[in-house]
Amino acid sequence: MGKLSLYTNDNLDALRNQSDELADAAVQELIAQPDFAKMINGWTSLPETIPSDFPASLQTFFNFYQIKPDFINQSKVKSSQDFFDQKGNFYLAMLGFYSLPYCYAFADGAQVLVRSKRITDEIGVRLSETALFLLDAFRPGTFISDDRALLTLIKVRLIHAFSRLFVSRYGKDWNPNWGIPINQEDLIGTNIAFSLLVMRGMEKIDKFPGKEVHEAVLHYWKIIGHYLGLRVSFWPETAKEAFELEKLIKKRHLHSSEAGKILLNALLGYYKTTAPDPAFAQVSESLVSFFVGKEVSDVLGIGRKVKLPDRFVNLVLVLSFFRESGFNVSYKSIRRNFLKESISRLGKAVTLDIPVITRS
């Protein structure tokens with residue numbers, strides 16, 4: 001039976017009211033002593049020894065990263081990284097045209113996202129940070145011989161905790177029926193969107209790598225989830241479990257919302273103004289609709305205005321990647337081109353930093 005018995009409304013209701021106590025306690029200290037946040041932002045990798053002047057909650061938080069989880073399967077890790085090395089451009093495209101819009105269709109989770117003005121006002125920066133997170137997480141050797149990604153995962157986890165605190169403290173219009181901001185169900189759902197839905201998107205463009213790689217990628221996101229503070233006891237181990245969990249979350253939360261439409265319009269607006277090819281900009285909404293499907297498109301209020309044959313979608317993406325990177329794609333070339341493009345578009349290299357809250 002595996003984990004299928006865990007996927008019930010009662011269990012997901014409970015997850016909806018659970019946060020991440022370890023990160024929440026750490027953030028309380030970082031707000032009280034912002035110099036520690038500045039110090040963390042200045043690190044280029046996770047230090048071997050945690051600073052002795054860190055308070056107990058920060059010590060406990062960082063000690064969590066000193067021990068590798070015992071469930072890591074090195075073969076599956078290598079398989080996932082090899083897949084990203086070969087198809088990383090498509091992986092990132094699936095995030096932008098499938099995973100993120102799909103998340104916006106889940107009304108309760110979209111409420112916290114829309115309350116982050118950076119997503120709507122600085123969407124280019126936010127998308128670049130998400131891409132950097134993926135690139136760091138899939139760096140060859142990560143979770144086996146290279147621990148540089150841990151600092152990125154730490155920062156993402158802390159950013160979630162900062163957002164959770166700010167919305168809880170200052171979001172006067174927050175509806176308790178939406179659950180705790182950035183709760184465990186939404187965290188798991190987002191990781192499902194970044195793994196299962198990417199595989200589903202690959203299948204839509206005839207690039208599905210097979211069940212073995214699919215389940216290796218699920219395992220990879222179990223490791224990422226562990227370091228992001230997810231309750232990985234609920235994380236699916238098989239394609240079947242992932243399918244059933246996503247289906248239940250979809251049934252629970254797929255609803256139209258003003259928040260979701262605001263987020264999607266910001267995303268599509270960004271694509272239309274930054275696409276290197278005007279023809280590509282004109283079909284961005286149709287590409288999103290193609291990937292998310294009719295039901296989700298209806299919830300988001302979009303449609304396939306341009307009828308794109310499935311093979312044409314593949315060709316559009318391939319030509320776009322060729323224009324940027326050439327056909328000799330690898331992890332190194334994807335990362336190099338991403339950093340170059342981020343400087344060109346944002347005027348600076350993209351970085352991931354936790355908030356530094358200074359009091360006047």
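View 1. Leaving aside neighbours within four places in sequence, Ser195 is in contact (heavy atoms within 4.5 Å) with Tyr91, Val217, Leu218, Trp221 and Trp235. Ser195 lies in the loop between helix H10 (184-193) and H11; helices here are DSSP runs of H or I with at least four residues, strands are runs of E with at least two, and both are numbered from the N terminus. With a relative accessible area of 0%, Ser195 is buried, a word that stands for under 20% relative accessible area, while exposed stands for over 50% and partly exposed for what is in between (1.4 Å probe, protein chains only). Please keep in mind that this is a predicted model, in which local features need pLDDT of at least 70 and side-chain atom pairs count only at pLDDT 80 or more, while totals for chains, interfaces and linings use all residues. Residues are numbered from 1 along each chain as its sequence is written, and side-chain values use heavy atoms, with hydrogens and water left out.

**View 2. Helix H11 packing against helix H13.** Here H11 (residues 196-204) and H13 (residues 239-253) pack at an angle of about 105 degrees, with their axes 10 Å apart. The axes are lines fitted to C-alpha atoms, for helices over the stretch in contact, and the angles run from 0 to 180 degrees between N-to-C directions. H11 is therefore roughly perpendicular to H13, given that 65 to 115 degrees counts as roughly perpendicular, under 35 as roughly parallel, over 145 as roughly antiparallel and the rest as oblique. On the H11 side the contact is made by Leu196, Leu197 and Arg200, and on the H13 side by Ala242, Phe243 and Glu246.

**View 3. Leu95 in helix H5.** Look for Leu95 within H5 (residues 74-104), where its 3% relative accessibility makes it count as buried. Apart from neighbours within four places in sequence, Leu95 is in contact with Leu100, Pro101, Leu134, Phe194 and Val198. Val112 is 17 residues from Leu95 along the chain, and their C-alpha atoms are separated by 19 Å.

**View 4. Gly229, in the loop between H12 and H13.** Gly229 has its place in the loop between helix H12 (211-228) and H13, and counts as buried at 6% relative accessibility. Not counting residues up to four places away in sequence, Gly229 touches Asp20, Arg157 and Gln184. Gly229 and Leu95 are 134 residues apart in sequence, yet 21 Å apart in space, C-alpha to C-alpha.

**View 5. The kinked helix H16.** H16 (residues 284-300) has 17 residues, but its end C-alpha atoms are only 14 Å apart, short of the 24 Å that a straight helix would reach at 1.5 Å a residue. That expected span is 1.5 Å times one less than the number of residues. A kink of about 120 degrees is centred on Gly293; the bend at a residue is the angle between axes fitted to the seven residues ending there and the seven starting there. Of the 17 residues of H16, 14 are buried, so H16 is largely enclosed by the rest of the structure. Just after H16, Gly301 takes a positive phi of about 75 degrees.

**View 6. Positive phi at Phe143 and Asp206.** Most residues other than glycine have a negative phi. Phe143, however, has a positive phi near 75 degrees, and Asp206 a positive phi near 65 degrees. Phe143 sits in the loop between helix H8 (123-137) and helix H9 (149-170) and is buried, with a relative accessible area of 4%. Asp206 is found in the loop between H11 and H12 and is exposed, with a relative accessible area of 71%.
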